[in-house]
Structures are given as C-alpha cells and as structure tokens.
Amino acid sequence: MKKRNWYLTFGSVLTACMLVFIALGFFWTPYDPGALSARDKLAEPSLQHLFGCDQLGRDVFSRTLNGAGNTLIIALAVLAVGFVFGLLIGALCGYYGGAVDATVMRVCDAITAFPSILLAMVVIAIIGPGTYNIIAALGILFIPSFARLVRGEFIKYRSRDFVHSARLAGVPAMRIIFVHILPNTWPVLLSGLTIGFNNAVLSEASMSFLGIGVGPADASLGRMLSEGQSSLFSAPWCTLFPALVVILLVLGVGMVGEGIRERIR
Amino acid sequence: MLKTICKRLGLLVLTLLLVTALAFFAFSIIPGDPTDTILGLEATEQQVAALRAELGLDLPLPVRYFRWLGDFLRGDLGVSYNFDIPVTDLLAGRIAPTFTLTLMAAVLIVLFSIPLGLLAARYEGGWIDRILTVINQIAMSVPNFVMGISLVFLFGLVLHWFQPGGYVSPESGLGSYLWFMLFPSLAVALPKSAMTIKMLRGSVLTELTADYIRTAYSKGNSRASALWRHVLRNAMIPVVTFLATTIAELVAGSIVVEQVFAIPGLGQMLISSISNRDYPVVQAIIVLVAFVVVLCNFLADALYRVMDPRLKGR
C-alpha cells in the first residue's frame, strides 16, 4: 500500500490558500494601503479593519496584501534570474566537464561560502537600493546554488546509456541537454526551486526589515515588521499578521518541497 | 599526513586571497570617487589630485590591492569617510557583541539538536518523533528576526525577563550581559536547530540500516546502545559539515537579529555604513566576516578528517 504523502497534500493546500490570498491583493484591497487616517490610529482588529491599523492609521490588512504581493513578485523574479542562468551554466558545465567546469565551480564555491543576504547587502551598498536592484542582487547570488544543483544532475545522467545512444545517433549536443536529459531532472530541480523560493522570500523580508529593501513608497512585509516593533505591546496586530503571512507562505512551499523529495525517494 | 596539511593550508591561503581580492575589486568598480565624498563637490582639481596621491588612488589596481592587503594584515583597515577616524577604532568595541551572539547561537544549536535529533531517531514514528517533526517544520519557516520579535514580545514585554532594547554591556556584569544575549542567540539558533535536528535524524536513520548495525544487534546490543556506541560517530559526520556551512548563516543571522534587540554590534555598523555609503567600513566588515567563515570551513574540514579516518591522506 502506498503511504499517503502528507507533506505534499498539506503543503499544496496551504500554498494554494496563500497564493489566492496574495493574488486577491493584486486586484482588490479594502482600503488604499497608503491612506492615512488619524481617527483610526492603532485601531484594534474589527470588522471595518480586519487586521487593525498601524501607528499612522493605515489599514494593516490592505498593507499586508500589498506587501505580500511585492514580496511574491520579487521572490519569483529572483528565482527566474537565478534559475535561468543557473540552469544554463549548470547544464553546460555538467554535460561537458573539463577545465572550464572546474573553474566555474571554484568560483561558485567561493560565492556560496558566504551568507547570501550579506553579499546582497554589499551589492546594494554598491548599486543602491530599489526593487530592481534587489532582484538583480539576489538573483545573481542565487545563480551558483542552482548551477551546482543542475550540474550534479547532469553529471549523473551524462554517462547513461540513453545519452550515449543519442550521441551515437547523431543528436546535436544542445538537443541532448535540453530534450533528452533535462526532463529527467525536473523533480530534483523542482524541489530545489521550492528551497530557492523560500530563501528569496526570507532574504527580501530581512533586507526590507533592515531598511535596505524596496523603496519607501512600496508596502513591504519586512518594513511593516520593523515599524510594528515600536508598538509591539500596545498594537501587536501590526506585527502579527505580516509575520503570519511570511511564515505560512514559507511553511507551505517548504512542505511542497519536502513532499517532492519524499516522492523521489 | 604532512603533505595533506600543506595542501590544505595552501588551499586556505588561496581562498583567503580570492575572497579579499573579490572584496577589494567589488569596491573599486563603484562609480564615483571617494575624493568627492571627502572633499565635497566644490574642491579644486589640485586638491583632488593631491588627495588622490595621498590615498594612493593614482596607482594601478593590482598594486593598490597588495598595498591594501598588507595594511589590512597589519590591522590598518583604512579610514571611515563619515567619521574620519580609523575603521579599526570604529569596529573595536563592536566585534565582541556580534562574536558572543554567533558563538552562543552555535553552542545552543549543538545543545538542542544532538539530544533531540537522537531522540527523534530513537523513537522513529512514535509520538515524540511526530511532534518534533511538526515543530521543526514550523520553526524552519520562521525568519530569525520574526523569532526575535516574538521573543521580545514574550520574554521582554509580557514576562519582563529582560528589558527590550536595554542592551547590557559586558563591563556592567558578565552574567547580566550573557543573560541579555541569550534571547537574541535563541532567535538565531532556533530555526537553525530545527534544520540540524532534521539533518541528524535523517543521518542516524540512514546509518541504522547499515550492515555494521545489524552486526551490533546480533552481538546483543539494544537499539539505544547501538545508537550511542556505533551510529553517533558516523551520523555526526554530515552534521559537522552542515554546522560548518551554517557558521556563515549564523554570522548573517546575528547581524540581522542585532537590529531587533538594538545591540550595538557589527550589524548596526554595517547597515548604517551601507546607508551612508561609508565604503571602507563596509569593506572591512565583509572581509572580517569572510576570514571567519573561511577559517571555520577549514577547521570543520580538519575535524571531518579526524572523525572519519577513512579520509586520511586524501
């Protein structure tokens, strides 16, 4: 009898719920997330303001939706940058091997030895803050880990019989790499993508929390958490809800990744 | 054996050179000249040229790198643009809190994860294991600064076990300093402990299926004594590697969590220097962290070899 994959079931449901919740924020928020209201300063959660209001009287529910949306877009963009370049570099290095491969992997090792958030902070120090710069900084720093993952998979497959026979049949190398080998690696890459997504969400949130994230005009979960600290005791809802959104999103995606890994085994 | 040590040391020096070179060149491609920051925009060309010569900016890049590296190794980390005092003086008092925080977090991770990881593996599938798995999965999803905020709320604001934002310096009593630092180190350690517990559990369970364990059972060992006497040593090998790579994350975590607890450490300095574009300070902190990370990886590699004699001579 096949054991039920609880990780995948729970994770998918949780992730889907969070994505629907965040997607809602792209089309509709109950209030303007930037609108100030002196009357509602630090208002408690109620039917008018589901998550309450912050110290400037802004609706926490609207701001959470908006900030989560920004976080999601940044995380997906970072993932796209890191994944596309990581895939190309990893696939070519893994398939061909040789001196270029060895050199590229040394550089990757040197970069991954550092905490990505610290390097991202350095890049931001050099090119300045802002949404696009964060995507660029984190995206570049995510390339080595993906490259290494993809490379490992390609090394595993490159001496298999089906690759040899394809090569003997005269299939061009690019076709072998992307049509013959790549589909086999999807499960591993997918589980790597879930880890990368979570790292991107956590890095973005940490950087915004430290005040070197997205521009001051955009709502962001990290900055909400940093602003909420001053009224942590009197108005815990300013901190609680953005924190819950980050935790649940990361939890859901993490469980999906765990589920995929369990299925591979 | 001696050959291996020499090879490893050579590799260590090479890595350190690579890392410092990266840190140096990254900061030398920044558009704009430090003289603009120091002299302001209204400086005359002669003033700029004089300062460039004084700072050595007119020399070729590789020459500047080796000069900078030489100064760095002698403890001269340059002069802060913003405060106009040596970076060494600026950082001197700030290394201790960050170092304490990282070290305490590392100790806490080991204290939590080894007993709990073994417990989960010992009673695999039982209720202890299941509860730990659920708690682990949740703890891994909590960012360290959110963990920090939660600890401030629970232990600082509700239970009044410590004064939130009231940093206690080591001069005013070692005990109260360590007590205050316990909470930020918990914030750094808890999510990482969850990962380590999971890692150790998996590693122990893999080892338990090995042939030598069947032999140990057949000699009359119970599951517990097989775990203690035979499995632990082997199962610890991947965990040690994991912990070594975690050191880098711990330093980064400490830097973020310092902000939550208002600890005047390297993190505060780094973030204000980034906002003020005080590049010599940023550069110095990054290179310091790099040194620590590379050295820790080196030590872990050495430990790995001691723990696994099969690797000797490789």
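The buried residues of helix 7 of chain B are covered by parts of both chains: what covers them includes helix 7 (173-209), helix 8 (221-228) and helix 9 (237-264) of chain A together with helix 8 (174-208) and helix 10 (223-261) of chain B. Helices here are DSSP runs of H or I with at least four residues, strands are runs of E with at least two, and both are numbered from the N terminus. A residue is buried if 20 or more other C-beta atoms lie within 10 Å of its own, exposed if 12 or fewer do, and partly exposed in between, with C-beta atoms placed from the backbone. Two residues are in contact if their C-beta atoms, placed in that way, lie within 7 Å.

This is a predicted model, in which local features need pLDDT of at least 70 and side-chain atom pairs count only at pLDDT 80 or more, while totals for chains, interfaces and linings use all residues. Residues are numbered from 1 along each chain as its sequence is written, and chains are lettered from A and ligands numbered from 1 in the order in which they are written.

Among the buried residues of helix 7 of chain B are B:Phe145, B:Met147, B:Ile149 and B:Val152. A kink of about 25 degrees is centred on B:Val152; the bend at a residue is the angle between axes fitted to the seven residues ending there and the seven starting there. The end C-alpha atoms of this helix (residues 144-158) are 20 Å apart, which agrees with the 21 Å that its 15 residues should span at 1.5 Å a residue. That expected span is 1.5 Å times one less than the number of residues.

After helix 7 comes B:His160, in the loop between helix 7 and helix 8 of chain B. B:His160 has a positive phi of about 55 degrees although it is not a glycine. It counts as exposed because it has 9 C-beta neighbours inside 10 Å. B:Ala262, in the loop between helix 10 and helix 11, also has a positive phi, near 50 degrees. With 14 other C-beta atoms within 10 Å, B:Ala262 is partly exposed.

Chain B as a whole has twelve helices and zero strands. Of its 314 residues, 35% are buried.

The contact between the chains takes 34 residues from chain B and 31 residues from chain A. On the chain B side, helix 12 gives the most, with seven residues. By class, that side has 27 nonpolar, five polar and two charged residues. Here Ala, Val, Leu, Ile, Met, Phe, Trp, Tyr, Cys and Pro count as nonpolar, Asp, Glu, Lys and Arg as charged, and the others, Gly among them, as polar.
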